[in-house]
Amino acid sequence: MVFIRACFRQKTPYTPIWMMRQAGRYLSEYKEIRSQAKNFLDLCSRVDLATQITLQPIDILDVDAAILFSDILVIPYEMGLDLEFIHGFGPRFNHIINNEESLKSLKTGIQHKLGYVYDTISCVRKNLSNDKALIGFSGAPWTLATYMIEGHGTKNYYKSKKMLYTNPILLDRLLEILSNEIKQYLSLQIQAGVNAIMLFDSWANALEESQYLAFGWKYLRDIASYIKHEYPNIPIIIFPRGVGAYLEKLYGDFDVLGIDWQISMQEAKHKVGNRFVLQGNLEPARLYDYDSMRQGVEVILNAMRNRGHIFNLGHGMIEDLPRDNAIALVRLVRELSSQFC
Ligand code: 1CP
């Protein structure tokens, strides 16, 4: 698999590409299947539907890797926090973690409740061609904790930060519990057949550097070391979003570092040096216009010549991006990168 070879810095005939949120509302095929489910969580738990959605970007875009169709929030949901996805608003939990008692009421050992995820993985793997990789994933402890403390997505993270500064022991305990659940969840995803795993720390940018290193990165590193030790042949991708200012301080036992679009790949490369393959980082909004997209691709591929690289967007696909440009992006990256791989 070209994607897996690239994760391990082996030579590839071109730069592999996949896109964060490559399944979703910008594809009419996704909307069609989504309409068959009662709601978003039902969609995630219906093995037949989740399998079809996972495979859509392979058929439509011809990307090098499929990513399991699910959501990072199935972990807090299965831990007992009631969850709804509201169109136009996003996820909303009806209970939150705000004291000792609420923390104690969380269920653990939830990896065993996520059987529908492992069944989807085996079903996708059976239907996916051997040259395409399947990526499994989890949210990182800090990002999951923000949803559990705030109850929904937020712009300011005040409740989470208040807990960090007024009751760091409670926050640490929540992060520790989540880390243990994530280790087991990812292990079972690997046993079910994923070829690589990715940890999304989408809200790493909410914290100042010292606090992110202490409350976010510390737990990511610990999960990565555990998985690397247990499953050395499975590449690990880490995506801490918004930490470009201190990329040079990130060390750990993982293979690929995801770079968001707020820093150039040129600068990221200088900060990271020769550690890790880099994944990224086209600004997704460039896909609104073909010429802007092409210009962005050329800058990234030039910066990453002769250096371990997986092409991706610098964050997720946007709902109304033209699918034709997404298809053209895959062709373009393959064509241009094969000239100097
Ligand atoms: O039909 C719909 O409207 C649902 C939209 C949707 C989709 C397609 C949600 C709700 N989740 C997903 C799938 C999803 N989420 C995948 C698998 C498919 C793929 O990537 O192709 C993955 C890997 C995720 C991961 C995820 N969920 C993250 C981390 C990545 C990132 O985007 O930063 C986060 C933060 C979430 C939470 C979430 N789930 C859904 C929404 C709208 C949100 C974001 C809410 C917010 O902004 O706080």
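Colleague: Let us begin with the strands. Which residue stands opposite Ala133 in β4?

Modeller: Before I reply, please note that this is a predicted model, in which local features need pLDDT of at least 70 and side-chain atom pairs count only at pLDDT 80 or more, while totals for chains, interfaces and linings use all residues. Residues are numbered from 1 along each chain as its sequence is written, and side-chain values use heavy atoms, with hydrogens and water left out. Helices (H or I, at least four residues) and strands (E, at least two) are DSSP runs numbered from the N terminus, and two strands pair if DSSP finds at least two bridges between them. The residue opposite Ala133 in β4 is Ala65. Strand β1 (residues 65-67) pairs with β4 in the parallel sense over three bridges. Strand β5 (residues 196-201) also runs parallel to β4, joined to it by five bridges, and Phe200 in β5 stands opposite Gly139.

Colleague: Which residues point one way from β4, and which the other way?

Modeller: In a regular strand, side chains alternate between the two faces of the sheet. Here Ala133, Ile135, Phe137 and Gly139 point one way from β4, and Leu134, Gly136 and Ser138 point the other way. A residue is buried under 20% relative accessible area, exposed over 50%, and partly exposed in between (1.4 Å probe, protein chains only). Seven of the seven residues of β4 (residues 133-139) are buried, so the strand is largely enclosed by the rest of the structure.

Colleague: How many salt bridges does a search of the whole structure find?

Modeller: A salt bridge requires a side-chain nitrogen of Lys or Arg within 4 Å of a carboxyl oxygen of Asp or Glu. The search finds 13. One of them joins Lys132 to Asp62, with the closest N and O atoms 2.8 Å apart. This pair links distant parts of the chain, 70 residues apart: Lys132 is in the loop between α7 (115-127) and β4, and Asp62 is in the loop between α4 (47-61) and β1. Lys132 counts as buried because its relative accessible area is 9%, whereas Asp62, at 34%, counts as partly exposed.

Colleague: Which residue meets Asp64 in a salt bridge?

Modeller: The partner is Arg334, at 3.1 Å from N to O. Asp64 is in the loop between α4 and β1 and Arg334 is in helix α14 (residues 323-338), 270 residues apart. Both Asp64 and Arg334 are buried. Through shared partners, salt bridges join Asp62, Asp64, Lys132 and Arg334 into one network.

Colleague: How many cavities of 30 Å³ or more are found?

Modeller: The search finds one. The largest cavity holds about 30 Å³ of space, and its lining includes Pro240, Val243 and Asp260.

Colleague: Where does a cis peptide bond occur, and what is phi of Tyr157?

Modeller: Most residues other than glycine have a negative phi, and most peptide bonds are trans. Gly280 and Asn281 are joined by a cis peptide bond, with omega about -15°; Asn281 is in strand β8 (residues 277-282). Phi of Tyr157 is positive, near 60°, and Tyr157 counts as buried because its relative accessibility is 7%. Phe276 also has a positive phi, of about 60°, and lies in the loop between α12 (265-272) and β8.

Methods: 1 Å grid on protein atoms, 1.4 Å probe; cavity = no way out; pocket = protein on both sides within 12 Å on 5 of 7 lines; lining within 4 Å. Points joined across faces, edges and corners; volume = space filled by probe spheres on them.
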